[in-house]
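Dear colleague,

I am handing over the structure below, and after it you will find what I found when going through it. Please read the notes with the structure open beside you.

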Amino acid sequence: MEKIIFTADDGSSVEFYVEEQTRINGTNYLLVSDSAEDEANAYILKDISEDSQAEGEYVMVEDDVEFDAVSGVFASMLEGDAEITF
């Protein structure tokens, strides 16, 4: 499992583990967790970076409709691999 480090708006670092990734309608999404353990919190991050940016820029998916759609895709991708509750 790949570990990535994000820099928050306040400059602090946050570590996440990439569980899965997908591209939907031209937008990249990451399913990440805050721990490599079985009891971890899962989050969906959306790539909002421009093509010209050297590093990716991600935000948490907060729109309910978008969240439900993307979480459904991730649930299908992980079926049988793990139980993830959003």
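How much accessible surface does the protein have, and what percentage of it belongs to carbon and sulfur atoms? The accessible surface comes to about 6,200 Å², and 40% of that belongs to carbon and sulfur atoms, where areas come from the Shrake-Rupley method with a 1.4 Å probe and, for residues, only the protein chains shown count as cover.

Please keep in mind that this is a predicted model, in which local features need pLDDT of at least 70 and side-chain atom pairs count only at pLDDT 80 or more, while totals for chains, interfaces and linings use all residues. Residues are numbered from 1 along each chain as its sequence is written, and side-chain values use heavy atoms, with hydrogens and water left out.

The protein has one helix and five strands, and from the N terminus on these elements run β-β-β-β-β-α; helices (H or I, at least four residues) and strands (E, at least two) are DSSP runs, numbered from the N terminus. The radius of gyration, taken over C-alpha atoms, is 13 Å, close to the 12 Å that the globule rule gives for 86 residues, so the protein is as compact as a globular protein of that length; the rule is 2.2 Å times the number of residues to the power 0.38.

Strand β4 (residues 42-47) has two partners, where pairing requires that DSSP finds at least two bridges between the strands. Five bridges join β4 to strand β3 (residues 27-33), running antiparallel, and Tyr-29 stands opposite Lys-46. Three bridges join β4 to strand β5 (residues 58-60), also antiparallel, with Asp-47 opposite Tyr-58.

The structure also holds three aromatic pairs (ring centres of Phe, Tyr and Trp, the last by its six-membered ring, within 6.5 Å; planes under 30 degrees apart are stacked, over 60 edge-to-face and the rest tilted). One of them joins Phe-6 and Tyr-58 edge-to-face, at 5.7 Å centre to centre and 85° between the planes. Because Phe-6 lies in strand β1 (residues 2-7) and Tyr-58 in β5, this pair ties together parts that are 52 residues apart in sequence. Phe-6 is buried at 17% relative accessible area, whereas Tyr-58 is partly exposed at 26% (buried means under 20%, exposed over 50%, partly exposed in between, with a 1.4 Å probe and protein chains only). The rings of Phe-16 and Tyr-43 have their centres 5.7 Å apart and their planes at 65°, so that pair is edge-to-face. Phe-6, Phe-16, Tyr-43 and Tyr-58 form one aromatic cluster.
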